[in-house]
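Look at the structure first, then read on.

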Amino acid sequence: MDKKPHPDQKYIDALLNNDNQLIKEIYQKYSKEVLNFVKKNNGNEQDADDLFQESLMAIIRRARKGDFVLTVPFGGYFYYIYKAKWLDKLRIMGKEQVIKEETGRCNDDSQTIAIGTTLNEDRLALYKKHFEQLTESCRQLLRLTFEKLPRKQIMERLDYASENTVNQRVHRCRGNLQKLIKQDKNYDRLRGRS
Amino acid sequence: MTDNDYKQIDEYVNGQLAGKALADFEAQLLTNKTLAEEVALYKDVGETLTTNYAYEKEDAELKQLFNKLGKDYFPKEEAVEKTINVEQDNTNIVQLKPVIEKNDSNDSSGDGGSSGIRWLKPVIALAVAALIVLLIFQPWQRSLIDNYYEPYALNITQRTGSNMTALIQAQKAYHSGDYASALPVFEQYPDNAEVQLTKGNAAYNLGKIDEAIATFQQVASGDSVYVPAANWYLALAYLKKEQPEKAKAALDNIPEGSSYYAKAQELRNKI
């Protein structure tokens with residue numbers, strides 16, 4: 001796929017840099033569309049507000065990974081994300097899952113990139129779920145590694161005897177986490193897809 | 001995979017392998033599919049959880065901005081709050097005046113029952129005052145909490161095993177408002193902080209505020225990522241019990257980097 005950024009990459013950068021003006025522009029351009037979509041599909045204003053926020057957060061988390069380039073218009077990409085999220089929500093709430101939508105929104109590239117973003121969210125949920133099942137000391141330790149704290153500082157903060165001990169504990173905890181994740185029935189569906 | 005394998009993977013992913021060790025490891029990656037898969041997962045788990053845990057401050061700022069824009073572009077709460085206030089004001093004035101004016105006109109008509117009505121006036125005034133107090137303070141107190149309270153959105157997906165199936169069912173019941181069915185299932189997961197947080201919410205919605213407080217306190221005293229959320233719900237439960245000082249103390253325990261920080265401060269100022 002062509003990796004040349006679309007001019008709408010500016011919205012991705014704005015979300016990453018908390019650019020209030022451009023983020024406001026996203027709301028100006030798309031809030032009405034999201035509200036109409038949600039109201040047509042079993043939801044209200046509060047649902048639309050939540051969906052808007054959650055979809056933007058999904059984009060931000062994907063973009064934080066560093067290898068993300070928006071090569072399509074933001075609107076189509078955003079549409080596929082909020083649609084997928086709303087379907088998920090309806091499923092959890094046990095409501096009807098037939099989506100009434102505007103026609104003519106299909107764009108393969110937008111959909112492909114959006115699927116990558118929603119899969120990233122699914123993987124995050126999978127990883128978090130098993131992370132929560134680790135022992136308290138593993139969670140505490142790994143959380144600091146995910147926050148990118150240098151191992152030396154982790155040693156000091158958690159009062160480990162040496163950096164080597166920290167590393168040994170990290171390897172064991174990460175190993176346990178990998179095993180839990182790989183045993184999950186959703187793992188095969190989610191692995192190796194981006 | 002052994003601890004030593006994960007040591008090598010960790011060093012490789014963090015760019016700490018060099019020279020022959022690096023060349024050997026990369027050669028293994030080309031032929032050993034299991035190892036390659038472990039490395040890919042190790043990398044992705046690290047990067048993905050980093051996007052969630054390393055940006056608490058940024059996320060709190062974004063949340064604040066989104067909430068502000070949400071109020072402008074998805075108007076709802078404020079409109080509801082205003083309507084309630086206007087209704088209360090109208091109720092107070094409109095109901096009080098006609099009662100008194102009507103009585104006054106009866107008095108001036110020289111009707112035989114006028115002295116009785118005159119005697120009733122202070123009683124009526126007292127009753128109306130009591131009504132006003134009820135109308136103003138009770139609904140106001142409720143709306144403050146209710147404007148802030150939203151049930152915690154548990155989102156557990158497709159776990160294996162029958163117990164997990166029960167949990168998924170309980171989650172479904174919880175989201176549909178059937179808290180009584182969900183609560184006993186949640187009780188079976190005492191070590192899962194997120195489920196316990198949800199259990200507290202279920203108890204709260206069933207009016208079991210003391211039980212909700214005990215559950216939130218337990219989660220808040222742990223070291224999970226749900227501590228700020230537990231303090232948030234703990235504060236709302238204390239408000240329900242009309243214990244504002246305790247509610248403030250719980251809100252004060254929410255750290256600045258938390259996504260609950262902004263609304264915690266906002267609520268604290270209103271208590």
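## Terms and ground rules

A crossing is left-handed if the near helix is turned anticlockwise from the far one by less than a right angle, and right-handed if clockwise. Helices (H or I, at least four residues) and strands (E, at least two) are DSSP runs, numbered from the N terminus.

This is a predicted model: local features need pLDDT of at least 70, side-chain atom pairs count only at pLDDT 80 or more, and totals for chains, interfaces and linings use all residues. Residues are numbered from 1 along each chain as written, chains are lettered from A and ligands numbered from 1 in the order written, and side-chain values use heavy atoms, without hydrogens and water.

## Two helix pairs

In chain A, helix 3 and helix 4 cross in the right-handed sense. Their angle is about 120°, and their axes are 9 Å apart. Axes are lines fitted to C-alpha atoms, for helices over the stretch in contact, and angles run from 0 to 180 degrees between N-to-C directions. Contact means heavy atoms within 4.5 Å. Among the residues in this contact are L51(A) and F52(A) of helix 3 of chain A, and F74(A) and W86(A) of helix 4 of chain A. By class, the contact has 11 nonpolar, one polar and five charged residues. Ala, Val, Leu, Ile, Met, Phe, Trp, Tyr, Cys and Pro count as nonpolar, Asp, Glu, Lys and Arg as charged, and the others, Gly among them, as polar.

In chain B, helix 8 (residues 179–186) packs on helix 9 (residues 193–205) at about 145°, with axes 9 Å apart. This crossing is left-handed. Helix 8 of chain B brings Y179(B), L183(B) and F186(B) to the contact.

## Where the chains meet

How much area do chain B and chain A bury between them? The value is about 5500 Å², with 55% of it on carbon and sulfur atoms. Buried area is the accessible area (1.4 Å probe) that two parts lose on being put together, summed over both. Chain B gives 52 residues to the contact, and chain A gives 58.

## Charged pairs

A salt bridge is a side-chain nitrogen of Lys or Arg within 4 Å of a carboxyl oxygen of Asp or Glu. The whole structure has 26 of them over all chains. Nine salt bridges cross the interface of chain B and chain A. In one, D3(B) pairs with R172(A), with the closest N and O atoms 2.6 Å apart.

D44(B) and K65(A) form a salt bridge too, at 2.8 Å from N to O. D44(B) sits in helix 3 of chain B and K65(A) in the loop between helix 3 and helix 4 of chain A, so this pair joins two chains.
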